[in-house]
Amino acid sequence: MSQETIAVVLPDETSVELPAGSAAADLAAAIGPGLSRAAIAARVDGELRDLGRPLEQGARVEIVTRRDDDPDALFVLRHSAAHVLATAVRQLHPGAGIGFGPPIEDGFYYDFDVAEPFTPEDLERIEATMVDVIEADDGFERREVSREEAEELFQDDPLKLERLAEIPEEETISVYRDGPFLDLCRGPHVPRTGEVRHFKLLHAAGAYWRGDEKRQMLQRIYGTAFYSEEALEEHLERLEEARRRDHRKLGQELDLFSIQKDIGPGLICWHPRGARIQLELRRWIERLLETRGYEFVYTPHVSSEALFERSGHLQAYAEHMFPSMRGEGDGEAYRVKPMNCPAHTLIYASRQRSYRDLPLRLSEIANVYRFERSGTLHGLLRVRMLTMDDGHIFCTPDQVEEEIFTALDLVDEVMRTLGLSYRLDLATRPEKRIGSDDVWDRAEASLHQALERIGVEYGMDEGGGAFYGPKVDIKFRDAIGREWQGATIQLDFNLPERFELEYIGPDNAPHRPVMIHRAIFGTLERFTGVLIEHFAGAFPVWLSPDQVRVLPIADGHAEGAAAIVARLREAGLRAGLDARSETLSYRIRDGELMKVPYLLVVGDRELEAGTVAVRARGAEQKQVTMSVDEFATAVSDKVRAKALDAHLGGR
RNA sequence: GCCACCGUAGCUCAGGGGUAGAGCACUCGAUUCGUAAUCGAGCGGUCGUCGGUUCAAAUCCGACCGGUGGCUCCA
């Protein structure tokens, strides 16, 4: 092999000869002018790199081009956009300290240490200055430096020096310069600042340095960037749509729930229409649990404080519990319960258990109270009184896998029925934990096997388990992409130990049972919040607070319409009459805005023929006519099937 | 809890040192209507709370309460 050339391999396995020292940019140019123009970075042996870095002999190279559908391409662009942002901020605030500025899902941010937080006007000025930086079209120049040189370069940036000190000895230290701005950075970047054309700063917010609330607070600016104006606009439109379906907004508009200052933050009042949804969800899950061998229990909302000391929760979560209360005099201290596990544990322990009794599955749809920090409260998604569809399974170690499988199967049925997508994470042993490695091995293996058996994809959250056992977490996204905890299935070695739970085995000796905590909805509040956003308020018929609204055309039809409402109610449907002295159009509009699945128009024609003119929500055919009985049967079928749509397929 | 921003009628919002405004909703009246807003009148607010500055505060300042966006946390 000659010293003057190197050969690299393209994705299609063809080999290309290039002069030694050639970079990915030269490769792109050698392949063609189109590719050369579109190139912004390269994947070299699987690693994302600058276009300008020299290639090694034999490297597998793929040119990354300017595409809004390539996550790597966007990653590089947004990382560069973060540098452009910092460049602009440094121009406007020369003394600003710089923290981290990474690309993130959907955008990027950069953290600054400035004396005064950024105002919305500052953001506008920064945005304008970024345009100048982009128009300057400076190249992003990479340079590898020694640790000493890096320390010299960033001597005025304490945050960067702190970061620098953490970079391992053997790792290469690189810096990137664009125009006047120099940053300690691994890269890669797009070739020039001019590449960052379609961007927008979104908001500024405080953020702790290193994500540690004991450290100083920096000012973070969030933004997003794309290669095309269309993709940027589309993204902003998605954010707008998400705001339109925000459960807090729809909760108000559809009269589902309220949070009242006079009651307290994080405490939900369900209005009749929202309570209806709760009731249906509750009946559904209770039914599902019954068929799976669960038994229902009820336990008190307050318990002796000593109970939570024994369970260990008080020590671990005291600041997240409502304060202690005590009656007149010096009676015992009580706490409102933050979870049901200790009470269920005591029910288990209330008598001798045989292996023949296991698994014992206890469930309680129960309200628990947690004093969540004020800044974390968020509509229905983070509240202080939560309704858990809680359940605890006490079983032998051998039964664990089967119980996990059954619980996951139930989760899947619930999610599929509602058409919800979700994500599973298997969270394994954390550093701080109780129980022997042997027990953890078995527990984690049980979870793995159950997940494999159900055949769903799942992610790993290594070290993310609870101190008392590994778990499987189900995660949802809200309307604007924030992720929230949904169902959870957790193994627990702690409580059986602390409460000295036992069962008598076939060997006539006592054994310790395994405890599984699981919630399918997670909390009714959060689950309903996610459903509101998921359906944008247009719930499936079975969950709709109002299923049918009957609209008489004129006063003369009101009596006949009322009779139809009565018949539908007899058939078990939630039907109402809208005989207000408003135009038909007005009442139809109102029914549509309230997302009522079926609006029935009743006039002379219908009353004579014993039919109704049905306007089904979201149906292609605006209106179909059918007999009242036909309609009642068709809708009842929809309800029974928990159908997601309201279409009746007319004739 | 921390940082920033916000708080005017039931809702959405305008106003911005000189005694408070619109649309919708609500009430009443008229209208009796064939598929997304009929017309008119009326009711409704110590401008989040408390304190300060001022001849005068919804407006300026401070604290507190609540909300929003993040950060941190989430059994």
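This short talk walks through one predicted model of a protein chain with an RNA strand.

Some ground rules before we start. Residues are numbered from 1 along each chain as its sequence is written, and chains are lettered from A and ligands numbered from 1 in the order in which they are written. Because this is a predicted model, local features need pLDDT of at least 70, side-chain atom pairs count only at pLDDT 80 or more, and totals for chains, interfaces and linings use all residues, while side-chain values use heavy atoms, with hydrogens and water left out.

Let's begin with the layout. Chain A is assigned domain 1 (5-65), domain 2 (71-237), domain 3 (257-534) and domain 4 (548-641). Those bounds come from an automatic or database domain assignment. Between the C-alpha centres of domain 2 and domain 4 there are 58 Å.

Now a sheet. Which order do its strands take? The order is S4-S3-S5, in an open sheet of three strands with antiparallel pairing. Strands here are DSSP runs (E, at least two residues), helices are runs of H or I (at least four), and both are numbered from the N terminus. Two strands pair if DSSP finds at least two bridges between them. At the edges sit S4 (47-49) and S5 (61-65), each pairing on one side only. From one strand to the next, the twist averages 30°. S3 (residues 39-44) is joined to S4 by three bridges. Look at Arg43: opposite it, in S4, stands Leu48.

H1 (residues 24-31) lies across S3 and S5, at about 85° to S5. H3 (residues 71-92) packs on the sheet and touches S3, S4 and S5. Contact means heavy atoms within 4.5 Å. Angles run from 0 to 180 degrees between N-to-C directions, and axes are lines fitted to C-alpha atoms, for helices over the stretch in contact.

On to the RNA. There are 53 residues around RNA strand B, and Tyr208, Ser374, Ser581, Arg589 and Glu606 come nearest. "Near" means that a heavy atom of the residue lies within 4 Å. What does Ser581 approach with a polar side-chain atom? A base oxygen of RNA strand B, 2.3 Å away. Asp604 uses a backbone N or O atom, 3.1 Å from a base oxygen. Polar contacts like these are pairs of N or O atoms within 3.5 Å.

Which element gives the largest share of this surface? H18, with seven residues.

Note on methods. A polar contact is a pair of N or O atoms within 3.5 Å; within protein, one must be able to donate a hydrogen and the other to accept it, and residues adjacent in sequence count only if both atoms are side-chain atoms.
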